[in-house]
Amino acid sequence: MREKYFRFLLILVLVLCITVTVVHVAYDVYAYGHCSIIQFIAKELW
Amino acid sequence: MKLLKQLSVLLGIILLFTLFNVAVYFSVTVRLSNNFSDATQAKMIDVGEFLPFREESDLARTETDFTLEGELPVLDGAAALVPVYASVINAVYPESSVTYIGGEFCDDNFYGENFAPDSKMQYKNTVRGYTAVVDGDTDILFCAAPSAEQKKYAEDKGVELEYVPVGLEAFVFFVNKNNPVENLTAEQIRDIYGGTYKNWKDVGGANRVINPVTRMEGSGSQSAMNAFMGDREIAMKSPFAITGGSIGFSFRYYMDGIVENSQVKMLSLNGVYPSAENIRNGTYPVIVKFYAIYRKDNQNENIKKLIDWILSDEGQTLIEESGYVRIK
């Protein structure tokens with residue numbers, strides 16, 4: 001693979017992965033602040 | 001060889017992010033998803049189960065000769081106290097006093113109710129309820145003690161509120177049913193929320209990080225927790241604590257009689273379980289009062305008459321049969 005093409009793919013993969021992760025974490029932060037804590041604790045894995 | 005190395009880098013990055021997201025999903029996201037919609041976020045109680053004048057409603061019922069004439073007070077309250085004031089309305093008010101937008105009860109809005117503006121039963125829960133009683137939209141609010149902000153809101157508006165204790169309740173702490181801890185001392189809990197203890201093994205439990213869960217500021221249970229902590233501040237927790245073993249707080253009947261979730265358990269405090277009996281005999285360490293709250297300058301004479309009835313033997317029996325503990 002040519003270096004230029006590899007760098008393009010690398011940036012693309014990083015941007016996609018970081019975007020998905022940031023959206024996921026942001027959703028969790030918002031939802032955690034609004035969810036029922038009883039339900040949250042009830043579904044805890046032990 | 002170079003191609004193999006490049007592909008390995010790309011796949012490695014994808015794998016790393018996938019593992020992280022899967023771990024977060026199974027430890028956190030999956031526990032939030034079923035509670036996350038406009039209709040369920042703030043819906044702390046299914047009001048439809050506690051509507052007055054319906055045979056199928058889960059209300060305490062009593063026969064009484066007590067009646068009110070003239071302007072009936074608008075009753076409102078915290079989620080946990082809906083069974084109490086709905087039972088009062090059911091016992092004392094005429095059926096025509098509870099009305100709904102569109103004529104029928106429906107539970108598809110944010111707070112899970114659609115009481116008409118002229119209905120004598122409302123449900124705004126604690127935060128909005130305090131604002132409503134100060135602003136004069138509600139005559140009597142059934143709630144736990146106010147937060148500092150709620151007191152200040154009344155002061156800023158130049159409103160004096162009367163707080164009449166009408167019943168007793170236990171402030172409780174709960175964990176997942178599989179958490180091996182059954183009992184904590186009050187000081188241990190203050191140390192957990194104060195940031196001294198960060199692992200369950202510090203208080204005789206498993207080797208797992210503690211996730212001390214708090215509630216929305218201004219809610220009845222958060223105000224009770226702030227009072228429980230006294231001079232101690234609730235410490236900021238690590239963001240990673242969210243994946244740990246949680247501890248939360250609430251009120252006994254809300255846990256035991258309204259939500260009834262078998263996957264959580266209430267903890268004994270200083271060796272005493274938060275049962276109705278242990279509230280009655282005064283052995284449970286954190287007994288709180290709940291109040292009928294009204295504006296001192298409210299001219300509606302029926303407010304005092306109704307509260308006097310709630311404090312009578314008939315009214316106190318209704319409190320007891322609603323799942324709470326009588327104060328008289």
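1. Two strands pair if DSSP finds at least two bridges between them. Helices (H or I, at least four residues) and strands (E, at least two) are themselves DSSP runs, numbered from the N terminus. By that rule, strand 3 of chain B and strand 9 (residues 287-295) of chain B pair in the antiparallel sense, over nine bridges. Ala170(B) has Ile287(B) of strand 9 as its bridge partner.

2. A word on the source. This is a predicted model: local features need pLDDT of at least 70, side-chain atom pairs count only at pLDDT 80 or more, and totals for chains, interfaces and linings use all residues. Residues are numbered from 1 along each chain as its sequence is written, and chains are lettered from A and ligands numbered from 1 in the order in which they are written.

3. With strand 7 (residues 264-266) of chain B, strand 3 makes three antiparallel bridges. Val175(B) stands opposite Ile247(B) in strand 6 and opposite Lys265(B) in strand 7. Strand 10 (residues 325-326) of chain B pairs with strand 3 over two bridges, again antiparallel. There, Leu168(B) stands opposite Val325(B).

4. Is strand 3 of chain B mostly covered or mostly open? Mostly covered: 12 of its 16 residues are buried. A residue is buried if 20 or more other C-beta atoms lie within 10 Å of its own, exposed if 12 or fewer, and partly exposed in between; C-beta atoms are placed from the backbone.

5. Now the core. A nonpolar core is a set of buried Ala, Val, Leu, Ile, Met, Phe, Trp, Tyr and Cys residues joined through C-beta atoms within 7 Å. The largest one has 85 residues, and Phe142(B) and Cys143(B) touch the most other members. Strand 3 (residues 161-176) of chain B supplies the largest share, nine residues. Domain 1 (58-164 + 294-326) and domain 2 (169-280) of chain B both give residues to this core, so it lies between them. The domain bounds come from an automatic or database domain assignment.

6. What does Phe142(B) touch? Not counting residues up to four places away in sequence, its contacts include Leu75(B), Leu81(B), Tyr85(B) and Phe290(B). Two residues are in contact if their C-beta atoms, placed from the backbone, lie within 7 Å.

7. In helix 3 (residues 82-92), 11 of its 11 residues are buried. They pack against strand 1, strand 2, helix 10 (302-310) and helix 11 (313-321) of chain B. In helix 4 (residues 125-135), the buried residues include Val127(B), Tyr130(B) and Val134(B). The partners of helix 4's buried residues include strand 2 (140-143), helix 5 (148-156) and strand 3 of chain B. Gly136(B) follows helix 4, and its phi is positive, near 90°.

8. Chain A has two helices and zero strands. Its C-alpha atoms fill a box of roughly 55 × 25 × 5 Å, taken along the principal axes. Of its 46 residues, 17% count as buried.
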